Amino acid sequence: MASKDDRLEFEAHKREMSLALGRDETAFQHAVDTLVHLDKYDYAYLWSWMGVPIIQMPADILATQEVIWNTKPDIIIETGVARGGSMIFMASLLQVIGKGRVIGVDIDIRAHNRDSIETHLLAPRISLIEGPSTAPETLQRVQAEIPAGASVMVVLDSDHSRDHVLSELRTYGPLVTEGHYLVVADTLLGRQDMSQAPTKRSKVWYPGDEPYAALKAYMGETDRFEIDEALNGKLVLSSSPGGYLRCTRP
């Protein structure tokens, strides 16, 4: 007797549970408490992708994988190169898909990080652009890397101050194409209280001066994006809850 094909049912249940989880404030607060505790061990810094430090929460890596696999963008722009693992991760997915490039933008790409990226086997799918992410000349260099008609996804993960992230949203949001995603990293900073702000960083961002505040301001300025409720709903052990936006208009 043939087994039942329950793939659609499975996906429907997964969506239902993701939405329900997104409404469970108690579960979210427990997750925040756990992440605050784990930060003393530099939890987000403990991971790598194909040999390069990725500095991401595992949940965010999986969520980004789902987005890239489902939408298959031609171009992924990431502001904030850091040690390069996120770029290698996204390039590896594009390699499997069989198309696409990752453009990394950072005001300071340090020599050892550049070496890790440019000597990696996935380097042919990566372009690095050094300069202030919101400077007109930097944007021009980014646009020059985007072929006509390409589908574009954007990930913002550089300076996390509200004003900078809002400026990046205004600069790079218009580049995202219909059906693709704009990801605002580290929105968790705006979902914690003052006492939970991570302090083991070169700079501390408190609620109100962080990416989530910028995202809310930007959503009040544009009608091109919607929050992906199911995807964000399951991001309870994540640095970017609420940060995955789908572009709904040309």
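Trainee: What does A82 count as at 44% relative accessibility?

Mentor: Relative accessible area is sorted by cut-offs: under 20% is buried, over 50% is exposed, and in between is partly exposed (1.4 Å probe, protein chains only). A82, at 44%, therefore counts as partly exposed. Keep in mind that this is a predicted model, where local features need pLDDT of at least 70, side-chain atom pairs count only at pLDDT 80 or more, and totals for chains, interfaces and linings use all residues. Residues are numbered from 1 along each chain as its sequence is written, and side-chain values use heavy atoms, with hydrogens and water left out.

Trainee: Where is A82 placed, and what is its phi?

Mentor: Most residues other than glycine have a negative phi. A82 is not a glycine, yet its phi is positive, near 50°. A82 sits in the loop between β3 and α4; helices (H or I, at least four residues) and strands (E, at least two) are DSSP runs, numbered from the N terminus.

Trainee: Which other residue has a positive phi although it is not a glycine?

Mentor: K72 has one, of about 50°. K72 lies in the loop between α3 and β3, the strand at 75-79. With 30% relative accessibility, K72 also counts as partly exposed.

Trainee: How do I read a helix such as α2, and which of its residues are buried?

Mentor: An α-helix has 3.6 residues a turn, so residues three or four places apart point the same way. In α2, the buried residues are F28, A31, V32 and L35. They lie on the same side of α2 because they cover an arc of only 105° around the axis, taken from the directions from the axis to the C-beta atoms. T26 and H30, on the other side of α2, are exposed.

Trainee: How many cavities of 30 Å³ or more does the search find?

Mentor: A cavity is a set of points on a 1 Å grid over the protein atoms alone where a 1.4 Å probe fits but cannot get out. The search of the whole structure finds one of 30 Å³ or more. The largest cavity holds about 140 Å³ of space, a volume being the space filled by probe spheres set on the points, which are joined across faces, edges and corners.

Trainee: Which residues are the closest to its centre?

Mentor: They are Q56, D60, T64, V155 and Y244, out of the 14 residues that line the largest cavity, each with an atom within 4 Å of a point. Helices α3 (58-71) and α4 (85-97) each supply at least two residues of this lining.

Note on methods. On a 1 Å grid over the protein atoms alone, a cavity is a set of points where a 1.4 Å probe fits but cannot get out, and a pocket is an open set with protein on both sides within 12 Å along at least five of seven lines; lining residues have an atom within 4 Å of a point.
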